[in-house]
Structures are given as structure tokens and as C-alpha cells.
Amino acid sequence: TNPRAANLMKNPLPAVLCIDDDPDVLAMLHRVLGTRYELTTARSGSDGIAALQYKQGFAVVVCDLHLPDVDGIGVLCEAEHLAPHAVRLLLSGSANFEDAVTAINRGHIFRYVGKPVDSTTLLQQVEAAVAQHQLIIAEKDLLENTVRGTVRAMSELVALSCPSAHGRGTRLQRLVGELAAEEALGQP
């Protein structure tokens with residue numbers, strides 16, 4: 001097998017969504033980011049939102065502030081709900097301070113990147129966003145594993161101190177699992 005392909009299977013490229021209505025900007029984004037990231041592009045806010053609804057797992061969302069249908073702040077707010085772990089970058093040629101503050105406060109953006117942007121700066125900003133995404137995912141996994149381990153330890157403690165309560169809890173857990181499975185299948 002191809003070693004590079006095998007490595008990509010183990011470590012897939014981070015997915016980046018770029019939303020901008022300017023085809024020249026999208027071409028530049030594709031040229032700079034396309035070989036390092038799994039790149040998806042959209043030419044409108046609604047197309048960007050549709051991409052977020054259709055595909056899971058974006059690490060980074062790069063969005064222009066001024067789009068013809070839905071403004072970038074609205075797209076980034078929606079991105080926060082559809083892809084809560086994706087790191088959001090606002091790309092804008094507007095030097096409007098109020099727009100930047102609104103984007104930071106409502107869209108919870110990681111960075112504001114001004115246009116025009118050179119390829120080195122753009123790449124550095126996206127790399128920082130990917131690193132932030134990896135940190136978010138690592139913290140989430142750590143928290144989940146900590147909670148899971150704590151629950152397991154507490155369960156073992158109950159089993160040692162009160163075996164009958166542990167037995168009832170185990171049966172209840174099994175019954176709830178069966179009920180959830182039936183509900184998921186749409187059975188009564």
C-alpha cells in the first residue's frame with residue numbers, strides 16, 4: 001500500500017470551510033490551503049450554512065463578513081450551533097470596528113483576519129485555528145474520559161460497600177439501555 005495514503009487514513013487532513021462571495025478570494029484560499037487541508041468552499045452565506053448542515057467535522061470555518069444573502073456574523077453564529085467545535089475566523093476587508101466587535105461577541109470568532117491578506121499570514125491564522133480546534137477536541141476527550149472513569153470508580157465503590165444497591169443499579173441501567181434501544185428503533 002501507499003505509505004502516504006495509509007498515513008492520511010490514520011491522520012486525515014483537517015476539514016476547513018471557506019465562505020466568500022468573491023471568486024478571486026476563493027481561488028486564493030484554495031491555492032494557499034487546498035494542499036494542507038480538506039477544503040470546502042461556498043460562495044454565499046446560505047451555501048456555507050448548507051455545507052455545515054451537510055458535512056460534520058469541520059475544524060475551521062473561514063467566513064467573509066459581507067455576503068450577499070446572510071452576513072458573515074449570521075453565518076458564524078449559525079456555525080457555532082451546527083459545528084460547535086469548529087474554530088471560526090472572520091475574513092473581512094471592512095475596517096469597521098463595530099462589525100469586528102459584533103463578530104467577536106456574537107459569532108465567538110477566534111481571529112479577525114483583514115483583507116487583503118498575504119498567503120503566509122492566512123496560512124498562519126488557519127494553522128493557529130486548527131491547533132485551537134485540536135486543543136478543544138483534546139480537552140473534550142479528556143473531560144469525557146475523566147467523567148467516565150469517575151463514574152466507573154464510584155460504581156465500583158458502591159459495589160464494594162453495598163452489593164445489593166449495585167445489583168439494582170446494574171439492572172436499572174440494562175433496562176434503560178433496552179428502552180433507549182427500542183425508542184431508537186421506533187418500537188413501542
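Analyst: A salt bridge is a side-chain nitrogen of Lys or Arg within 4 Å of a carboxyl oxygen of Asp or Glu. The structure is a predicted model, in which local features need pLDDT of at least 70, side-chain atom pairs count only at pLDDT 80 or more, and totals for chains, interfaces and linings use all residues. Residues are numbered from 1 along each chain as its sequence is written, and side-chain values use heavy atoms, with hydrogens and water left out.

User: How many salt bridges does a search of the whole structure find?

Analyst: The search finds 4 salt bridges.

User: Why is the contact of Asp 20 and Lys 115 called a salt bridge?

Analyst: Their side chains meet at 2.8 Å, N to O; the limit is 4 Å, so the pair qualifies.

User: What makes Lys 115 and Asp 64 a salt bridge?

Analyst: Their N to O distance is 3.3 Å, which lies within the 4 Å limit. Asp 64 is buried, because its relative accessible area is 5%. Asp 20, Asp 64 and Lys 115 are linked in a network of salt bridges.

User: How do you know that Glu 127 forms a salt bridge with Arg 36?

Analyst: The closest N and O atoms of Glu 127 and Arg 36 are 3.2 Å apart, and the cut-off is 4 Å. Glu 127, at 34% relative accessibility, counts as partly exposed, and Arg 36 is partly exposed at 43%.

Conventions. Buried < 20%, exposed > 50% of the residue type's maximum accessible area, 1.4 Å probe, protein only.
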